[in-house]
Amino acid sequence: MSYRTIELEVMRFQPENDKKPWFQDYRVPCDEDWVVLDALNYVKDHLDGSLSYRWSCHMAVCGSCGMMIDGEPRLACKTFVRDLPEGKIRIEALNNFPIERDLVVVLDDFMEKLKRVKPYIIRDEQRPLEDGEYRQTPAQLNKFKQYTLCINCCCCYAACPEYALRPEFIGPAALALAHRYNQDSRDCGARLREDVVASDEGIWDCSFADACSQVCPEHVDPAGAIQQMKIAATVSWYQDKLGLRRKTTGGEDK
Amino acid sequence: MEIIDTDIAIIGAGGAGLRAAIAVAQSDPELKVALISKVYPMRSHTVAAEGGAAGVIREDDSLDLHFHDTVSGGDWLCDQDAVELFVKQAPLELTQLEHWGCPWSRTEDGRVNTRPFGGMKIKRTWFAADKSGFHILHTLFQTSLQFPTISRYDEYYSTDLIVEDGRCCGLTAIEMRTGLMKMFRAKSVIIATGGAGWMFPFTTNGAIKTADGMAMAYRAGVPLKDMEFVQYHPTGLPGTGILLTEGCRGEGGILVNKNGYRYLQDYDLGPPDPWPRLKAMELGPRDRLSQAFWHEQQKGNTIATRWGEMVHLDLRHLGEKTINERLPMIRELAKSYIGTDPVHELVPVRPVVHYMMGGIHTDIDAATPIPGLYAAGECACVSINGANRLGSNSLTELLVFGGRAGLHAAEYARERYQAPDEAAVLKQAQAARQRITDLFLREDAGETISGLRKEMNDTMEEGVGIYRTEAEMQQTCAKLADLRRRYTRVHLEDKSNVFNTELIYAMEVGSMLEAAHTIAHSALQRKESRGSHQRLDHTERDDQSYLKHTMAHYNGEGDPRIDYLDVTITTSQPAERVYGGDA
């Protein structure tokens, strides 16, 4: 195990004491395999027990540890110290969110938006469980599989310039999740999601900066999902105008 | 103190907690559910499970076969009535998940696919690539959002159950955003807080697996059952302990020692070919595979790496296409965390602590002995897993018993709830708050949270690892007693109220010390080897004396009181566990 000492510059904010965030420096002896999260854990265990941050799985699947590392929204458990340039590593709370404490941001807005897009299977008729599964071919699964991979880390919201300007924007992850359900052959709820998705706060607020897809650690490509929904919403708008749309949500047995 | 009234309070919002919440909401829209979790639901450790969930679905499979695999896999310590119910409910629960949108991997004709898994005679593990737990959790969480009767209390750390007049009627919890203690007044309570791998130094578990619910129930008077049975998953990555799913072996992966030899054939799991072959070699049960590693290490056959002794997992013969389709995440994990590409290279792995077979004693309805208190998932012990759990039974267990806990807790709330003495209840809540205040006020007495945690980790690894001896277990028991005493002197550097994670860490160490204490004593008292509890001084299984569950009872400052409960046997009499050639 080879060690080198790294310097961290970490954002601190304790609402009971501080009027605004400030930075604290720590020197951490690092192993060559370490990720930034390992360095933070060293700080917590050996240098400063008062540093607060979220983490759990240490394998990039729980989405807890999103934070700004050298100015980019990243997962602390998947950012290897060896890949970062020499010099101080700057660690801050995710951009575009109110800071609750140190590196912990307030996620209420995101959680509300996630719920608002109705992210669950909607259909008129339910198949009895005894009749088994809905058939879904691998090709049908591939249509939406990518969009199921979001770990809700909110790095996309931290990167999105639109969300930075307009907090009403429903945002990349929530919209990508809507698309996941719209594309799922078992779902018939696209029409019901339209009010939320195809609104001014929804897809039409996206100007395709693509920052979200650039930072997404799971390669969900929310920007791609949003652009696909723009096309679908436009087609659906024309269908309405021409009186070509069915009234029901569908739900024929699939 | 703020009082939050609800009908059913659920502590823990992972697979079991969410499934319970949905069960209540669907069965009775008049009942209010408070879903309380110290983390946002998507962070629950269900998310990290990879391989899949077992349920009979193939024509050539049967409930009987799933039953028999599970009971023998558990070395006959499973309660067979519970297993019968479990295997019967399994396919329905997994189908329900599919209806809720779970993206199960499919066969060409659109049916749900299954993969081979350890200790199972027939393929019955439903899987969603190698992120099954992730998909199950997100499906359940997203499905739960449509029920207005489920109110969530995210980032509330539950501290104590309130049991008044012999009945559970609520709990206290710290709202982490403000540091305020709140009381939840409930008609029934379900604990679904998961396991406790963080007691050990190397584990697949995330940081949140800290025995909180187990400790709460234990202190409230519920026995912890079969705690000595700790599962080591055979294939964890070096250093981090990150899980490489059993699915790797299900897809045909093999384990070799430093001589490139498939060593499992030396441990009654062979012959090595044909391969893959169910219930043989690398698809044997987890306890046997982990034990084989220990023996190989004793013989000097393991590979010395900078992270310690390892064996190699060889997936090269699977080919890039299969690995990308069936095991994409584990390829990414191996490449990122140890710079090894399983498509081209051997992956160093070793057994890592993964799962607690033991936990809060419940019956087949997920009910604890305290009226109004239920438990489900890894924190509970029904027992369907006995002395060793088969891979992919646990995710299904969350659904079956999470669902049952929800239904029975709802029934209790509707039909059997009796209001307790308000004043007495409030007094208990205030006492719980006072304990936190005392912790805040305590001066520095030389004990640190991280120091105590490390000492606990080290002693657990030494005394209750894969192979155990009387002397080492005695040492661990003594050490844990000492750590419990020293824990009462631990202090906080961080005296703030808003999102004080040092406070949470301190509470978690307290929970883990309680659970660890029961593990060490339960292990010491069980003078036989069975499943994942293996002793060098009592090497044989002893059904005469030990076809029983260990029950560890809270005894205040003293050592846990241990007694025993008979295992329920229905159709399967204890026999020899047979894997490999004849299985």
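Q: Which helices and strands of chain B each supply at least two residues of the lining of the largest cavity?
A: Rolling a probe the size of a water molecule over the atoms shows where empty space is left. In this predicted model, the elements of chain B that each give at least two residues to the lining of the largest cavity are the helices α1, α5 (212-219) and α10 (393-415), together with the strands β3 (33-37), β8 (156-164) and β17 (347-356).

Q: How many residues line the largest cavity, and which of them lie nearest its centre?
A: The lining comprises 48 residues, and those nearest the centre are His45(B), Thr46(B), Gly194(B), Lys209(B) and Glu378(B). Sorted by class, the lining has 19 nonpolar, 21 polar and eight charged residues. The space inside this largest cavity comes to about 730 Å³, and the count of cavities of 30 Å³ or more is eight.

Q: Which residues meet where α1(B) and α4(B) are in contact?
A: From α1(B) come Gly15(B), Leu18(B), Arg19(B) and Ile22(B), and they meet Leu137(B), Leu140(B), Phe141(B), Thr143(B) and Ser144(B) of α4(B). By class, this contact has five nonpolar, three polar and one charged residues.

Q: Turning to the backbone, where is a peptide bond cis, and what is omega there?
A: Most residues other than glycine have a negative phi, and most peptide bonds are trans. Here a cis bond joins Gly270(B) to Pro271(B), with omega about 5°, and Pro271(B) sits in the loop between β14 (254-256) and α7 (286-299) of chain B. The peptide bond from Val382(B) to Ser383(B) is also cis, with omega near 15°; Ser383(B) is placed in the loop between β20 (380-381) and α10 of chain B.

Q: What is the phi of Lys118(A), and where does Lys118(A) lie?
A: Lys118(A), a residue other than glycine, has a positive phi, near 55°. Lys118(A) belongs to the loop between α2 (108-116) and α3 (138-142) of chain A.

Conventions
Residues numbered from 1 in each chain as written. Chains lettered and ligands numbered in written order. Predicted model: local features only at pLDDT ≥ 70, side-chain atom pairs only at ≥ 80, totals over all residues. Heavy atoms only, no water. Contact = heavy atoms within 4.5 Å. Helix = DSSP H or I, 4+ residues; strand = E, 2+ residues; numbered from the N terminus. Nonpolar A, V, L, I, M, F, W, Y, C, P; charged D, E, K, R; others polar. 1 Å grid on protein atoms, 1.4 Å probe; cavity = no way out; pocket = protein on both sides within 12 Å on 5 of 7 lines; lining within 4 Å. Points joined across faces, edges and corners; volume = space filled by probe spheres on them.
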